[in-house]
Amino acid sequence: MTQTVTRSSSVADGQAQAKPLSFGKKLVYHLWDQDQHLKSPEERKLVRKLDFGILICATLGWWMKYIDQNNIVNAYVSGMKEDLNIQGNEYTYMIMCYTIAFAIMQIPSNAIALKIRPRICIVTCEIGWTIFTFAQAAATSSRQMYAFRFMVGLFESGFSPIIIFLLGSWYTKTELAKRMAIWHITGFFGSATSGFLQAAVHRTLDGNLGLAGWRWMYIVCGCMSLPVALSVWWLLPDLPHNTKAWYITEDDKRMALHRSAVQGKVQVTGKLDKALAKRMFGSWRWWVLCLTYILYGNSCQGVSYFAIYLRNSGYSVSQRNIIPACANLVSMITDFTWSFMSDYTQNRIYWMVGPIMCTTVVSSAMLTAWPADDAARVAAFFLAASGFVTGITWTWANEVNVGNAEERALTISSMNGLFYATASFLPILIFPQTMAPKFERGFPSLLGFALGACILMLLADFLHKRQMRLEAEKASDEIPAEAVKKQDDSEKEKELEL
């Protein structure tokens, strides 16, 4: 009762202090977080701390992950193919080794993070993939690259599911989608950085000390990754119930737990048992969300082959790196825009299905038709780059699984893991390098994946809303019964007194 009064007075004080704010500042508050102008100064300060801690660690780590992950593409089109004598589908096998390892550790990573502090897990992941980023600079054969790419994928695999779960544990519904998008779009920035960086390294360091430009790229990126990994130890705050971050006070911790409770989020217990498995696999949520993300994630893969198309079309080394980098910048802008509008309108489903239908479906249809004009094909790849709604998708998954923290963590990691499991073999089936650049099986498949994902998103939205309605009706039916029982007990006490 005392905590409730304290919280209420804090909010009241915050609203009283918010009155003198200028119209412009209130407008900025409203646009950034829909309820920002209604929050107390203490709550706004807490959110700023979270943005400083979680968001900085998440974005820097994701940025470096995508630089290190996408170096293989830039290295391949910048001399690695010739230096390592890569033949046939060996490049595709390198990608497959990474995705297999990435898929293997998805579910175990979040299970481990439920038992061990997320900060320890993330630091281990980042230092591990940094070591094998350096190792790729010394590769002398395709087989060595298979092993190095596998290890990079293994260490990178735990990063995204842990960060997604962590963001969902701290932020509220009005805050989450845009933060999820900010985190996610730094991956596009990483891909773009990789392209620009490879172009610069190839121009300035190629042949220096007898090393090819693509080898220097791995050395430079390893040097960039190490300080990012070490910064996590000082900044990442773990979970609301067990954080020991130096900038989170006890009052901040209590407020964070209160915010989670208001959102209906159940705190982590770390209990992984048969009851959890029965609950998770016996619900539609795990099955529909996992299948949805498999289809959606694979529908976005077309833009990954942009550099391959440019190479086969005779573009220069610099153009092969810079043009896809510009497409990644487009992805950054559009992914954040869709997520911002999702938060602002408090609607998830329309801002997932709408962009997919208008971008991914249209671009896949264009590339399936394969227009004769080169400009039309390039435009289709740029349109495909506009179809990412991943920030909203992860926000939506957090909200649909709000009732159980362990189920939420394992469902998120299952979605990511199963997607990467399918992505480990699908490129060989539908995007073999021997069919480049037209990929007659690939682009029609992406069209089917996008349409299937939209149908499943609508189905999941219907099932979620129906479930919430049934739970609300059940709760309303129980209240009168409890009230009648309380009234009967009161009447009996009065009779005994008489």
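Residues are numbered from 1 along each chain as its sequence is written, and side-chain values use heavy atoms, with hydrogens and water left out. Because the model is predicted, local features need pLDDT of at least 70 and side-chain atom pairs count only at pLDDT 80 or more, whereas totals for chains, interfaces and linings use all residues.

The chain has 21 helices and zero strands, assigned as DSSP runs numbered from the N terminus (helices: H or I, at least four residues; strands: E, at least two). Of the 498 residues, 56% are buried (under 20% relative accessible area; exposed is over 50%, and partly exposed lies in between; 1.4 Å probe, protein chains only). Among contacts with a separation of 6 or more, 80% join residues 24 or more positions apart, a contact being heavy atoms within 4.5 Å.

Helix α3 has 43 residues, and 33 of these are buried. From its first C-alpha to its last, α3 reaches 59 Å, close to the 63 Å expected at 1.5 Å a residue (1.5 Å times one less than the number of residues). A bend of about 75 degrees occurs in α3 at tyrosine 76, taken as the angle between axes fitted to the seven residues ending there and the seven starting there. Just after α3, asparagine 85 has a positive phi of about 55 degrees.

A nonpolar patch on the surface comprises Phe52, Ile56, Leu60, Ile112, Ile116, Ile120, Trp233, Trp234 and Trp246, with about 880 Å² of accessible area together. Two or more residues of the patch come from each of α3 (41–83) and α10 (213–235), and α3 gives the most, with three. Patch residues have over 30% relative accessible area and no salt bridge, and nonpolar side chains (Val, Leu, Ile, Met, Phe, Trp, Tyr) are joined within 5 Å, like charges within 9 Å. A salt bridge is a side-chain nitrogen of Lys or Arg within 4 Å of a carboxyl oxygen of Asp or Glu. Isoleucine 116 is located in the loop between α5 (106–115) and α6 (118–136) and is partly exposed, at a relative accessible area of 39%.

Cysteine 125 lies in α6 and counts as buried because its relative accessibility is 10%. Neighbours within four places in sequence aside, cysteine 125 contacts Phe155, Gly158 and Phe159. Its C-alpha is 9.9 Å from that of serine 109, 16 residues apart along the chain.

Terms used:
Accessible areas come from the Shrake-Rupley method with a 1.4 Å probe; for residues, only the protein chains shown count as cover.
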